[in-house]
Amino acid sequence: MINIPEVKVGIVATSRDCFPITLSEKRRNAVVKACIEKGISINEVTTTVENEIDAMNALKEVYDLGVNALVVYLGNFGPEGPETMLAQKFDGPVMFVAAAEETKDNLYDGRGDAYCGMLNASYNINLRNLRVYIPEYPVGYADEIADMISDFKDISRVVLGLKKLKIMSFGPRPQDFLACNAPIKPLYDLGIEIMENSELDLFESFNNHKDDKRIPDVVEDMEKELGAGNKYGGILPKLAQYELTLKDWVEKNIGASEYVVFANKCWPAFQTQFGFVPCFVNSRLAANGIPVACETDIYGALSEYIITCATDLPATLLDINNTVPKDMYENNKEIIGDYKNSDLFMGFHCGNTSSCMMKNFSMKYQRIMHRLLEPDKEPDITRGTLEGTIRPGDITLFRLQSTADTKLRSYVAEGEVLDIDPMSFGSIGVFAVKEMARFYRHVLIEKNFPHHVGVAFKHAGKVLYAAMKLLGIDDVSFNQPASMLYKNENPFK
């Protein structure tokens, strides 16, 4: 996956000077070994921190190794001042974890008391006003710490990605879709750059790519991807021209940033002027880690990018669109199981979901735009969607949004796509989320979230929730058992 950071995790052990330093070092070595066995890349920092000078030496070693995400590991009780100073001075995401006692046979000279030390570390973290990641239960054996490090890598990828992200948009919000029009000031608070452009800028650049010598190669690649689903091959040269336009725009305008996403106006003038719909191109870029949100939805593009970083998989942007008819529900009870009808909805968009995340797909035309722009005609300017059924399996719904008063809030909901024919058009699937009706009413409606949702194609709730907290976004709603719906508790225990 391109367009996302490479996370280089380093682990630094700490030791209180009245405890054996060798205990922390032995336990650190065990964690590194467990990471290697699990295929988790990690950089072992050899300096063990007992005092402030050690902290500075460890920090130098961390930077020499190219580490950009740091694990502070309490191999024993740990020196709370130096270890939290290390976190304070490190420019990147930090996780604190602690060692569990391994055996009853070594509780005299081999007891580390890190369970106790983590309490004082957390107190000092608060004194220094630091935001660090502390797992739900941060004390564990070597293999358990390795699993925590794996989660931390995904969380760190989000944090690091946003620091060097630029959002490029083309065109204003359509008048009928003001729901996604939100203040951009909070983007700068997160370290994100934004570049807003006119549709004329995009149109001029597109026209300048006419007869680009690279177009045939892109068309060939599109044909390979579509296979038997290439129902409107005549539109591919224009789509290839558009894809090259966006890629070249990135190269020329990314500036000081390293990563980029798009939020582009895509109708109705787009069809009449460009002569196609851009959905298939959007799906291809998303497959390469460059989400393109429809309808100039800037926070939708950001949500997709966060998902991409958290999962290392393509994300998609869908409408939380329509209910599942009663007869469809009744006819598929064996697949639906114990979900209520109100737990189900259809996630839909015109045709922007990457083919690798579809059960079946083919090139078609945008039916809604066809009704509006070329009724009673063969599809022409409305060609270009990638349509089909979204593949069944685990998903996570996620969105980060700014309110009108520039406050950031988000939600996370885990569920699944059911293996049911949605019997409709577009990129579409039947989604199931426990207590969706309550979530819809008391989170989506009550907190004024728009209709667009970012979809991760795995359960990533724990990572997304923790990433939001690490970024300083405290208003995070999540689907949870009804008895907990209004409680401020972490559901991913």
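A crossing is right-handed if the near helix is turned clockwise from the far one by less than a right angle, and left-handed if anticlockwise. Before we use that: this is a predicted model, where local features need pLDDT of at least 70, side-chain atom pairs count only at pLDDT 80 or more, and totals for chains, interfaces and linings use all residues. Residues are numbered from 1 along each chain as its sequence is written, and side-chain values use heavy atoms, with hydrogens and water left out.

**Stop one: two helices.** Select helix H1 (residues 21-37) and helix H5 (residues 142-163). Helices here are DSSP runs of H or I with at least four residues, strands are E runs of at least two, and both are numbered from the N terminus. The two axes come within 8 Å and cross at roughly 60° (axes are lines fitted to C-alpha atoms, for helices over the stretch in contact; angles run from 0 to 180 degrees between N-to-C directions). H1 passes H5 in a right-handed crossing.

Now show side chains: Ala30, Val31, Ala34 and Cys35 of H1 meet H5 residues including Asp143 and Ile149 (contact means heavy atoms within 4.5 Å).

**Stop two: a sheet.** Which order do the four strands have? The open sheet runs S7-S6-S8-S9, with parallel pairing; strands pair if DSSP finds at least two bridges between them. At its edges are S7 (193-197) and S9 (292-294). Zoom in on phenylalanine 170: its bridge partner in S7 is asparagine 197.
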